[in-house]
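Reader: I am new to this structure. Please take me through one part of it closely, and then show me what surrounds that part.

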Amino acid sequence: MIFHSIDYLLFFTGVICIYWTLNLRLQNILLLLASYFFYGYVHAWYCILIAATTVVDYCCARAITNQPDRKRLFLTISLATNFSILCAFKYFGFFVDNIVAAMGLVGFDMSGPVWEILLPVGISFYTFQSASYVIDVYRGKIQARRKILHYALFVAFFPQLVAGPIERAGRLLKALETPRKFNADRIRSGLFLMLWGFFKKLVIADNVATISNKALSLQDPSFPIVWGGVFAFCIQIYADFSAYTDIARGTARTLGIDICRNFNHPYIARNPSAFWSRWHISLSTWFRDYVYIPLGGNRCSEPRIMMNIMLTFLLSGLWHGANWNFIIWGAYHGILLVTWRLICKNRPRIENPSSQTVRLGQWTIMFLLVNIGWLIFREQNPAYLWQFITSNPFGVSSEEWQIGAYFFVYSAILAIPLALHCWTDRWCTGDEQWEARQQKWKWVVAQSTLAGILLIAILLLKSKNSTEFIYFQF
Amino acid sequence: MRSGLIQLALFLAITATVPLLLRLEGVYNHQHKIGLVDRLRRENPEILLIGNSMLYTRIDIDELQKISGKRISQLAKGGGASACWYLYLKNIVAQSGIQPEQVVIFFRDTILTSAEYRTEGQYGDYLKRLQEKEEPVMNQILESRRKSPFGLSSVVRTAYKIDSRPHIIQSSIHDLALDITKIDLSKKKRKEGMNTRFSVDNLRRDLALENADYNTPEIMNVEPQQFTPAPGSSFLPHIIDLADKLNTKLSFYQVKNAFERTQRPLQESYIHYLRKLKDYLKSRNVLVLEESVKDIPEDWFAEGDHISKDHRLEYTRLFWSHIKDSILATK
């Protein structure tokens, strides 16, 4: 089921109305049934996969606790099962295609029937979430749970099941086990967050998507058209993915559960390190805790640290999709981070310059670098990727510049609410009395009016060509 | 607790009410409709052609009048589909009082039975200009096709009076961006330039159908269409009934896709659809004529399935030679 559908609104309304009349155990049973219904709404067989992951990881975590001397074996079984399922559905076709192509280069024709495997949505997200639980039990950070109900709900919790944030057991599982109290203020705030998410998806992301799709579907786009399209995609992917997170967080909040923040205005970052602490935070921290640190993290020689960074980002790129462009995108960001690390080592003051001009310059460079990354991320055809990256800004006609500028300005106009949100968000988080202020009548009226304006904007500006969330494909 | 609940209720009430305070409903002037009625009265055609860009990029009316010796008119709007053609017959032809011997409707793909196709946005805006104050048949058909659970879509549309106003506001944002980025060319020229730049011929062939692929009929990319001639969910039976009331012989002319020249096999579901459509039209005593795509040289096509301006006269002659016997025989 997709969030931006009437089906979801009906489903959500039904769940929340029943939910708050029940006790904790029944609430969790309802949420588990609702989550499986939500996930299996289009393809019921998806539920078999998630149930298999749940049962295997539940049993392995229990076995790790009960037989500590064989805990390594059970961890291996769990990880092998999880990642085998993930590889079978997500990477099988990619590896087969590449092996066939490689063999073809040395003269062996291995082409056979083409297998089209349908990728279950959200498999990368829940696999990582479930794997983190077993690893945390193995590390002794958390206790293996006895009640499979709580654990199954942790894996399948519908608000964040399909596109994250990737939660940790220490946080979400604990929240699911704790009795929730009905709090009208939190429901109000959750509904507002959902509305803001719908606005970002339906008004911003879907409208700029028409621009990026158009620009990058030309056979021979000129330099300004390519980069006008890439800028549109830059707005689209942030609005789209953060919209999903906001709807997920808003939904969870109405159910009395807090899930983590996944974005912190990534486009204001002035360097690669800051960007990755602001973009897809739950995935970045997952890779940090379960890949980068076990590889040695920062506690080893400088060349080894750089290798660890590169490896982590290559895997992060591969996580996004079974295609070479994602691996190149991961490598690209790895190189940016390694380069930034080297620069900071030689000139430590560059990380926090006092001059506003230098800060603005850093931001501009970082924003351009992020955009180059988005082009790599978006374009799966290597020939076109090369053509776009090497497009020449010289000798382009005035008409082409005007089209590119129009794409840029149109996307920028639609991105104004994102910029305003960035500004107000920083202002709000700096206010210590914020929580208390939100309960004042004046604020309630202001928030409600703003919600009404968002609803008007959705009704008037909703794109006719609504698409699925981009991160559904991962 | 109680104040929290009251605040929540207030939040919901204000959120739902604020959009009601604005008048989202568009105001439409009916000059266009009146102009079309006047034109038809003036021209008083013996043969009336109805369609969309597939018609006006194919047929040169002056040439057709010359070679046929008949008074011929056309009603065509780019992007128009079955809803538009229904309104042409009901609100233009019927109201003009003319009685053409023949009405020929040009269609392509599954447009004749895809009632909701191109009824929103800029197309919805155009339909509004053709409509009467009340259009119960049209509203009922479109609502039945929206498939919204418990008719929620209808409730939202009625409550907030959303029609084609969103299109006007969205266009104004595009226009603002065009104004800001203007260097030398006028807005109109730039829009035309962009249409040419992003025409189907300039698009990549390797992309999925949502962006560019003119190897499959346009509507079939959306979903495999079921054949639905039921009066509650299709304009087709109403179009035939209107022609009967006007005592006019109705024919349909099926325009083909350029790719059919290459003899690429059609989808099974589409073949099945066409068979059922033709059976239905035959049962209603309506003539269906087919474009003979193999007689059209490849270089006549432009921008997908249109016919280039340079070959319009030749196409018009080909068209008349192809249909004249059938048309004249059914007089």
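Author: A salt bridge is a side-chain nitrogen of Lys or Arg within 4 Å of a carboxyl oxygen of Asp or Glu. Keep that cut-off in mind. Also keep in mind that this is a predicted model.

Start where two chains meet. The side chains of Glu400(A) and Arg197(B) form a salt bridge, at 2.6 Å from N to O. This pair crosses between chains. Glu400(A) sits in helix α17 of chain A, residues 398-414. Arg197(B) sits in helix α10 of chain B, residues 187-197. Both Glu400(A) and Arg197(B) are buried.

Over all chains, a search of the whole structure finds 29 salt bridges. Here is one of them within chain B. Lys70(B) pairs with Glu101(B), and their closest N and O atoms are 3.8 Å apart. Lys70(B) lies in the loop between α4 (61-68) and β2 (72-76) of chain B. Glu101(B) lies in the loop between α5 (82-96) and β3 (102-108) of that chain. The pair therefore ties together parts that are 31 residues apart in sequence. Lys70(B) has 13% relative accessibility, so it counts as buried. Glu101(B), at 34%, counts as partly exposed.

Chain A has its own network. Arg168(A), Arg288(A) and Asp289(A) are joined by salt bridges that share partners. Chain A also has a pair inside one helix. Asp185(A) and Arg188(A) meet in a salt bridge, at 3.3 Å from N to O. They are three residues apart in helix α9 (residues 184-215) of chain A, so about one helical turn separates them. Asp185(A) is buried at 18% relative accessible area. Arg188(A) is buried too, at 2%.

A few totals describe chain B. It has 13 helices and seven strands. Of its 331 residues, 48% count as buried. Take the contacts in chain B between residues at least 6 apart in sequence: 80% of them join residues at least 24 apart. The accessible surface of chain B is about 16200 Å², and carbon and sulfur atoms account for 52% of it.

Now the close look: helix α5 of chain A. It spans residues 123-138. Two packed helices are described by the angle between their axes and the distance between the axes.

Take α3(A) as one partner, residues 46-66. The axes of α3(A) and α5(A) are 9 Å apart, and the helices pack at an angle of about 10°. They are therefore roughly parallel to each other. From α3(A), the contact uses Leu49(A), Ile50(A), Thr53(A), Asp57(A), Ala61(A), Ile64(A) and Thr65(A). From α5(A), the residues include Ile123(A), Tyr126(A), Ser130(A) and Tyr138(A).

What does Ser130(A) contact, leaving aside its neighbours within four places in sequence? The partners are Thr53(A), Asp57(A), Tyr151(A) and Val155(A). Ser130(A) and Thr53(A) are 77 residues apart in sequence. In space, their C-alpha atoms are 7.6 Å apart.

Next comes α4(A), residues 71-105. The axes of α4(A) and α5(A) come within 10 Å and cross at roughly 175°. That angle makes α4(A) roughly antiparallel to α5(A). On the α4(A) side, the contact residues include Lys71(A), Leu75(A), Phe83(A), Leu86(A) and Phe89(A). On the α5(A) side, they include Thr127(A), Phe128(A), Ala131(A) and Ile135(A).

The loop between α4 and α5 of chain A holds Phe108(A). Is Phe108(A) buried or exposed? At 51% relative accessibility, Phe108(A) counts as exposed. Phe108(A) also belongs to a nonpolar surface patch of about 630 Å².

Note on methods: Residues are numbered from 1 along each chain as its sequence is written. Chains are lettered from A and ligands numbered from 1 in the order in which they are written. This is a predicted model: local features need pLDDT of at least 70, side-chain atom pairs count only at pLDDT 80 or more; totals for chains, interfaces and linings use all residues. Side-chain values use heavy atoms; hydrogens and water are left out. Patches are made of residues with over 30% relative accessible area and no salt bridge: like charges are joined within 9 Å, nonpolar side chains (Val, Leu, Ile, Met, Phe, Trp, Tyr) within 5 Å. Accessible areas come from the Shrake-Rupley method with a 1.4 Å probe; for residues, only the protein chains shown count as cover. Helices (H or I, at least four residues) and strands (E, at least two) are DSSP runs, numbered from the N terminus. Buried means under 20% relative accessible area, exposed over 50%, partly exposed in between (1.4 Å probe, protein chains only). Axes are lines fitted to C-alpha atoms, for helices over the stretch in contact, and angles run from 0 to 180 degrees between N-to-C directions. Angles under 35 degrees count as roughly parallel, over 145 as roughly antiparallel, 65 to 115 as roughly perpendicular and the rest as oblique. Contact means heavy atoms within 4.5 Å.
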